[in-house]
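Subject: Structure handover

Hello,

Here is the structure I promised to pass on. Please open it first, then read my notes alongside.

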Amino acid sequence: ISIFASFKKLCFINVACSVFKVHFISFVAISLGDLLIIPPHCYIRQHFFISFFIEVHYLRLNLLGSGYYNMFKTLVSLVLCVFLVLFYFEEKNSIISTFQLTEAPTIITKGHYGYSLIVELSYSHQGLAEWIATLHEPYPLFLIENDWMMRSPEIVKQLIEKNIEVGLLGSPNEQYEDSTLLEKQLAQFQSAFNQLPLWFATTDYNVTPALQKTLHDHGINTIAPSISITAPSLQLSDGEFISIPLHRGQSISFESINEFIQQHPFLSIEENIFGYKISTKRYP
């Protein structure tokens, strides 16, 4: 009886120490997280995983003395592997632009290190979806009109699936005297892409200082092409932003665009401005 009591006391002490250790580690982790400036989604995930860790540890203590412990370890390992494959690695497969390029409101009209293509899209010419399917990185920047976006959900889905960078092609500058117009357009864009655009241009490339400030306050870069494609043999200088207009009654053939791309290898807007190159790896 004395031996049994001693063993029981030892087990109780071991369990109590384990529980104390879990609570102490959790307290330290949460406290440090509260002191750090971290994004809200990271903060929520931190508290979720700490709570999950505590629950799993309690379950482990309950199963420790039973014959189900090895099965429990196998199940936890399997769930962890599924999580890593389906969620963590999936998030690492793409790069999302999330930065503002200028400290003050301005219109970005040129880079420094090469050529960049901007597709201005307000009309689906025949063969558009097939042409988009043939594109490969680095992709052009697509500036799309809201009305076209609402009419073309399948092509919008195609742009999202290919992880092509998309901005908003707005209205002529004078129409933004209506202060609600921009907010309506941004809301429609966010509804389709689950985020605000990083890039914005008006159809006439004029943007008032007030509109520039509003866009800057939203974290949106204002851009204007420096030249439009008129022929594949167009003469270019470094830093050019070349517009490809795809509007009703205004278009260049996709064959000519492909010929132009072959003659003038182009860079992303960010690489043209800053001169850096991004390389990615896919896991596993």
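Below are my notes on aromatic pairs and on some backbone features.

First, the ground rules. This is a predicted model, in which local features need pLDDT of at least 70 and side-chain atom pairs count only at pLDDT 80 or more, while totals for chains, interfaces and linings use all residues. Residues are numbered from 1 along each chain as its sequence is written, and side-chain values use heavy atoms, with hydrogens and water left out.

Aromatic pairs

The structure holds four aromatic pairs. Rings of Phe, Tyr and Trp (its six-membered ring) pair if their centres lie within 6.5 Å; planes under 30 degrees apart are stacked, over 60 edge-to-face, and the rest tilted.

Start with W131 and F254. Their ring centres are 5.3 Å apart and their planes meet at 20°, so this pair is stacked. W131 sits in helix 4 (residues 128-134) and F254 in helix 9 (residues 254-263), so the pair ties together parts that lie 123 residues apart in sequence. Helices (H or I, at least four residues) and strands (E, at least two) are DSSP runs, numbered from the N terminus.

W131 is buried, at 4% relative accessible area. F254 is buried too, at 11%. Buried means under 20% relative accessible area, exposed means over 50%, and partly exposed is in between (1.4 Å probe, protein chains only).

Next come Y176 and F200. This pair is edge-to-face, with 6.0 Å from centre to centre and 75° between the planes. Y176 is in the loop between strand 4 (166-169) and helix 7 (181-193), and F200 is in strand 5 (residues 199-201). The pair links distant parts of the chain, 24 residues apart. Y176 and F200 are both buried.

There is also a cluster. W131, F142 and F254 form one aromatic cluster.

Backbone features

Most residues other than glycine have a negative phi, and most peptide bonds are trans. Where does this model depart from that?

E137 and P138 are joined by a cis peptide bond, with omega about -5°. P138 lies in the loop between helix 4 and strand 3 (141-145).

N163 is not a glycine, yet has a positive phi of about 60°. Look for N163 in the loop between helix 6 (153-161) and strand 4. N163 is partly exposed, at 35% relative accessibility.

Y205 is not a glycine either, and has a positive phi of about 65°. Y205 is in the loop between strand 5 and helix 8 (209-217). Its relative accessible area is 27%, so Y205 counts as partly exposed.

Best wishes
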